[in-house]
Amino acid sequence: MRPADSMEKPFHQMMVDPTLAEMGKNLNEAMKILEDGQREAEEDKAKRKYGRKDIPGPLQGSGQDVANILQLVQNLMYGEEEEDSQSHRRVQNVGEQGHLALLGHSLAAYISVLDKERLRKMTTRILSDTTLWLCRLFRYENGSAYYHEDDRDGLLKVCRLVIHSRYDDFTTEGFNVLNNRRPVIYQSTACRLGLGQHLCNQLGLPLSCLCTVPCNTMFGSQHQMDVALLDRLIKEDVDSGKLPLLLVANAGTPGAGHTDKLGRLKELCSQYNMWLHVEGVNLAMLALGYVSSSVMAATKCDSMTLTLGPWLGLPAVPAVTLYRHEDPALSLAAGLTSSQPVEKLRALPLWLSLQYLGHDGIVDQIRHASQLSQRLLDQLKNVTSVKTSVEDVLSSPVVVFRFTPEVGGAGPSEAALEVFTSSERELQDTLNRWLGEQLARLVPASGVDVVELEDEGSCVRFSPLMTSAVLGTKVEDVDMLVERLRETIPVLYSTLRMREEFKQEVYETSTLTYIEDLNWPGLGAIRYELCSDEADLSKRQLEVEKTNGALLKKLKELDSDLLFSTGPEFGPEKNCIYVGMATEDLDVAELVETISTTGREIEENSKLLENMTEVVRKGILEAELQLQKASEEKLLEEGVLRQIPVVGSVLNWFSPVQSSIKGRTFNLAAGSLDSTEQTYTMKAQSARGTPPPTPTSSRTKRRMPGEKLFRRSRPSGDAVSETSSVGHPEEPDKEVDLQDGTPAREDVPEQQETQPESPQREDPSDERTPSEGSEQTQVEGKTESVDSLR
């Protein structure tokens, strides 16, 4: 690569026109501001944080300087991401050749103000040079070029050219001449989605003028056009009075990168006087020294479209359609050429970039992409359970692969395979979509994506010719991609094996419902069902939504490797909990029981809170009645004199009274008033000994500190050394809290439980005599007065 200051040196030392030098300097400064964003002050950040809006505002009267305008552009480009994440700041690696392409747009605006004669000479030179270089580079002899922003626009103008050529009176009669003999445009099912409809809409033709030819089903590639069927369709159209107009063929289908049989298609087009147009990524291979015969046949076509921008990593350069036609008047009528010099300046960014890269630089870039594909293909041959769909690396730099489980060996068990086979296509597509997303996230420089193919389904595609120049893909990135793929395949197999086990465990749990969703790449989806008799469906649905939302929050807080989520944003199922991919050591039974137990606790706590108000209200009313009744009994038992403050104290001192009225406890859970006898009895028993520990769940496992939840216990190999002279006592096992994985309670040694205490004699006279307004009430184990409840 050339030194970084190779652009600045020509601008400042070699150019005569100071305007061009200033233009190049300003472009470099603007790119630095937009890419680095280091010229903003700290006080500007606070202003932008609260002042950034998408609502258009009025135009300022005083105007702004260039730095502020560029800062606004940067804010619009990156939005809020510059504070949140720096990883998405740069959309594309704009190299030095990219800066030159961007400079071409500025130069085009500057050149357009020249006088007409100088402008005509300059645009003619730029257009002639660029066309000559491209025709020689891609082996397309005696061709003309049309430069366009939309990569479909070239084919559209070619269609108009063919219509003008085949219908002599089209210029004067217009579309009336098409009624006598309707034109037909042919394309394969592997063409770009919506391409034929776009052509018909722009040309004003009905969709009946479009004929989609299926691909091979018996022989050859399933991504190639069926030539024999195409021949029969053309004959039928000719016999019915239609005019075969144009055939769109592929040198690299958009999905799998396969090339049609261009040689045979060219013979059919010559036989029926049809125009052959070729497009696709494999056309880039024409620039290499050795080209396969299938791609070389594209040099004989009537027109081809090249997308040099992504191939060479050039931003904002136009696509090019090379074509052969001898009548310049028809080319002008079709819009392939223009008499306006400004229109010819579209080629200026490409003219600058091609000179900067040179012939060797262009070939090296394309060869590098081809070598990346070859390296990936060679390594995928040694990866089990991965099926590739590659036509030929020498003719196509696109590698498409797909995870396909194998029967036996490391594959899933027989029980899992039966379920997998019943919905094989849909489940495989789901897993491969997840695989492609994971690989793209783990190795972003690889540029892999997910593609949907008609026969194979969802596959992972590696097309370095379209991404390597932009992302800077290297050989190390390909090696990293294969390494991550090998690490991910066991997770796919584990998930396949455990899907059925997870499903059966959920079916055996009464509080959980299994949701069948083959579009979810994980163990599956579940819903916690409430034990409620609510007749109102809307209220019941609201309770289910609230409970499952709280359950999902609890599960996310667990210390485990599993992913719990609400599933797809626009999924068909709502109020569900989706469980993600599983590893080999996952304990499915423990997972399902934990989900059920946690959901039951949330439901019980919710019911307790909902009933708390009513329970407390009823309990207070009942307590008031009990207090009133106790007061009346006390009056009858002790007499009126004992109720007088001074007299009562004297009588109680001379003649104490043993009260027969007992205290009361208020149980919130039951909503009832109970006697305090049982409470004092339990307190006396607890003073004599420690109660036995509370039994735990049968599935709760003892775990080591730091161990993740839901993992199968490994056989312990840590034993006391037999050669040790001192025996180390074994530490008591510890129960682990499912929330954070920390020890929940340590077992207390028996010696400490029987440690003697000073006995206290229980004297019935020690019980407090309940009086009005001070009766004892217990709330969840704690004693409070009824006055506090009132």
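Helices, of at least four residues, and strands, of at least two, are DSSP runs numbered from the N terminus. In this predicted model, Ser 385 lies in the loop that joins helix H18 (348-380) to strand S8 (386-388). The phi angle of Ser 385 is near 65 degrees, a positive value in a residue other than glycine, and Ser 385 counts as buried, with a relative accessibility of 5%.

A positive phi is also found at Ala 316, where the angle is near 60 degrees in a residue that again is not glycine. Ala 316 sits in the loop between helix H15 (308-312) and strand S7 (319-323), and with a relative accessible area of 41% Ala 316 is partly exposed.

Searching the whole structure gives 0 disulfides. For Cys 209, the closest cysteine sulfur is that of Cys 200, and because the two sulfurs are 6.2 Å apart, they are too far from each other for a bond. Cys 269 is likewise in no disulfide, the nearest cysteine sulfur being that of Cys 301, 9.9 Å away. Cys 209 is buried at 1% relative accessibility, and Cys 269 is buried at 1% as well.

## The two sides of helix H23

Helix H23 runs over residues 537-556, and its end C-alpha atoms are 28 Å apart, which agrees with the 28 Å that its 20 residues should span at 1.5 Å a residue. Its buried residues are Val 544, Thr 547, Asn 548, Leu 551, Leu 552 and Leu 555. Viewed down the axis of H23, these buried residues fall within an arc of 140 degrees, so they line one face of the helix. The face turned away from that buried side carries the exposed residues Leu 542, Lys 546, Lys 553 and Lys 556.

Key:
Residues are numbered from 1 along each chain as its sequence is written. This is a predicted model: local features need pLDDT of at least 70, side-chain atom pairs count only at pLDDT 80 or more; totals for chains, interfaces and linings use all residues. Side-chain values use heavy atoms; hydrogens and water are left out. A disulfide is a pair of cysteine sulfur atoms within 2.5 Å. Buried means under 20% relative accessible area, exposed over 50%, partly exposed in between (1.4 Å probe, protein chains only). The expected span of a helix is 1.5 Å times one less than its number of residues. The arc is that of the directions from the helix axis to the C-beta atoms.
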